[in-house]
Amino acid sequence: MLTQVVPKASPQDERSAREIAALQDVYLAFVDTQRRSAKLALEGISLSFKEGEFCSIVGPSGCGKSTILNLIAGLTKPTEGSVICNGKPVAGINTEVGYVTQDDNLLPWRTLQSNVEIALELRGIPKEERARRSRELIDRVGLTGFENHYPAQLSGGMRKRGSIIRTLIYDANLILMDEPFGPLDAQTRLVLQNDLVKLWERARSTVVFVTHDLVEAIALSDRIIVMTATPGRIKKIYDIDIPRPRDVFHIHDAPGFSRIFDALWADIREEIKASMRRDP
Ligand SMILES: Nc1ncnc2c1ncn2[C@@H]1O[C@H](COP(=O)(O)OP(=O)(O)OP(=O)(O)O)[C@@H](O)[C@H]1O
C-alpha cells in the first residue's frame, strides 16, 4: 500500500491511542441491476480512528469519501472487509455516532432550542436538564436570543450552527461530518470553522470530517487522509503537527502550513489528472 506518513506523529496522537472506529481491508462495489454490472467504489481501505482525534478525508470528487462515512454510520455495508465502531462490528444503523451532513436538516416546525434538544427528548431527559444543556450550547455558538426562532427565521450559518450543536448534545464519542460547511459563503465558513474548533477542543469527541477545502482540513485536523481517484484507495496520510489551540483565521501563518498545503495539493492534483485520463 502507498500509505505515507508526513511528518512525524503529533503528541496528540500518542496521547489518544484507543481505537474508536476502524475499516479493515474494505472493498465496496455498487451493483447496477439494470445494466447487470458492478462499480468498485472503494478498494482495500484500512483506516483506524483514535479517541479524541480530528481526522479529515480529502480526495477528488467521487473517490468514496461519503461512502466511508456511510459505512461507519451503518447506512452502507462493505462488499468485503469489516467496519468496527466502539469495539463492535457495525451491523445495521449505527446509533452510536452523530452525523452532520451538508444540509442542516433542522425540523421546520420546531424552534432552534427544540431542534437542539431532540436527542435528549428521545432519551427521556427531563425538560429542565434539556433546557439547561441546549441553552449552554446555544450560548457557546453565539445564538442566545434565537432559542425560540424557527429554522426559516435563521440565516444559513445560524441553521448550520444549530445542526452542529444538535449533534454535539448527543455526546457521541464519534461524530461524522460530511462537508458540513459546503453551501456556506467564505466568511461564514471561517466563523463556523472557528466555532467548531472551540467546541471540539472542549468536547474532544473523535471527528471524521469530509471536505474539499484543503485549508479547512489543515486548520481543523490532527490527521488528513488523502484518497485516490475512484476506486478510492488511501494515497497518503498526513499528521498535522500545527500546535493547538489553533487560530483558524490566521492558519496560513502557522509554521509548516505552506509545506503541508503544497504537498496535499500536489497529491490531489495528481489524482484529478488521473481521473481525467480515465474518464475523458
Ligand atoms: N448508492 C449508490 N449507488 C451507486 N453508486 C454509488 C452510490 N453511492 C455512491 N456511488 C458511487 O460511488 C462512488 C463514490 O461516491 P461518494 O459519494 O462516496 O464520493 P465522494 O468522494 O464523497 O464524492 P463527492 O466529493 O463528489 O461528494 C461514486 O462513483 C458514486 O457515483
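The largest nonpolar core of this predicted model holds 68 residues, and the members that touch the most others are Ile72, Val97, Leu176 and Val208. Nonpolar side chains tend to be buried together in soluble globular proteins. Val208 shows what such contacts look like in sequence terms: leaving out residues up to four places away, Val208 touches Phe49, Cys55, Ile57, Leu69, Ile72 and Leu176. Two of these partners, Ile72 and Leu176, are themselves named among the core residues that touch the most other members.

Val100 counts as buried because 24 C-beta neighbours fall inside 10 Å, where 20 or more are required. Apart from neighbours within four places in sequence, the contacts of Val100 are Ser163, Ile164, Thr167, Ile175, Met177 and Pro180. Ala203, by comparison, is 103 residues from Val100 along the sequence, and their C-alpha atoms are 16 Å apart in space.

The same chain can be described as a whole. It contains 9 helices and 11 strands, and 39% of its 280 residues count as buried. For a chain of 280 residues, a compact globule would have a radius of gyration near 19 Å; the value here is 19 Å, so the two agree. The C-alpha trace spans about 55 × 50 × 40 Å along its principal axes.

Strand 2 takes part in two pairings. With strand 3 (residues 37-50), strand 2 (residues 19-32) pairs in the antiparallel sense over 10 bridges. Within this pairing, Ala22 stands opposite Ser48 of strand 3. The two strands form a hairpin with 4 residues between them, and Arg36 in the turn has a positive phi of about 55 degrees. Strand 2 is also joined to strand 5 (residues 80-85) by 5 bridges, and this pair too runs antiparallel. Here Ala21 has Cys85 as its bridge partner in strand 5.

Around the ligand are Phe30, Ala41, Gly59, Ser61, Gly62, Cys63, Gly64, Lys65, Ser66, Thr67 and Thr230. By class, this shell has 3 nonpolar, 7 polar and 1 charged residue. Helix 2, residues 65-72, gives the most to the shell, with 3 residues.

Key: Residues numbered from 1 in each chain as written. Predicted model: local features only at pLDDT ≥ 70, side-chain atom pairs only at ≥ 80, totals over all residues. Core = buried A, V, L, I, M, F, W, Y, C linked by C-beta atoms within 7 Å. Buried ≥ 20, exposed ≤ 12 C-beta atoms within 10 Å, placed from the backbone. Contact = placed C-beta atoms within 7 Å. Near = placed C-beta within 6 Å. Nonpolar A, V, L, I, M, F, W, Y, C, P; charged D, E, K, R; others polar. Rg over C-alpha atoms; globule rule 2.2 N^0.38 Å. Pairing = 2+ DSSP bridges.
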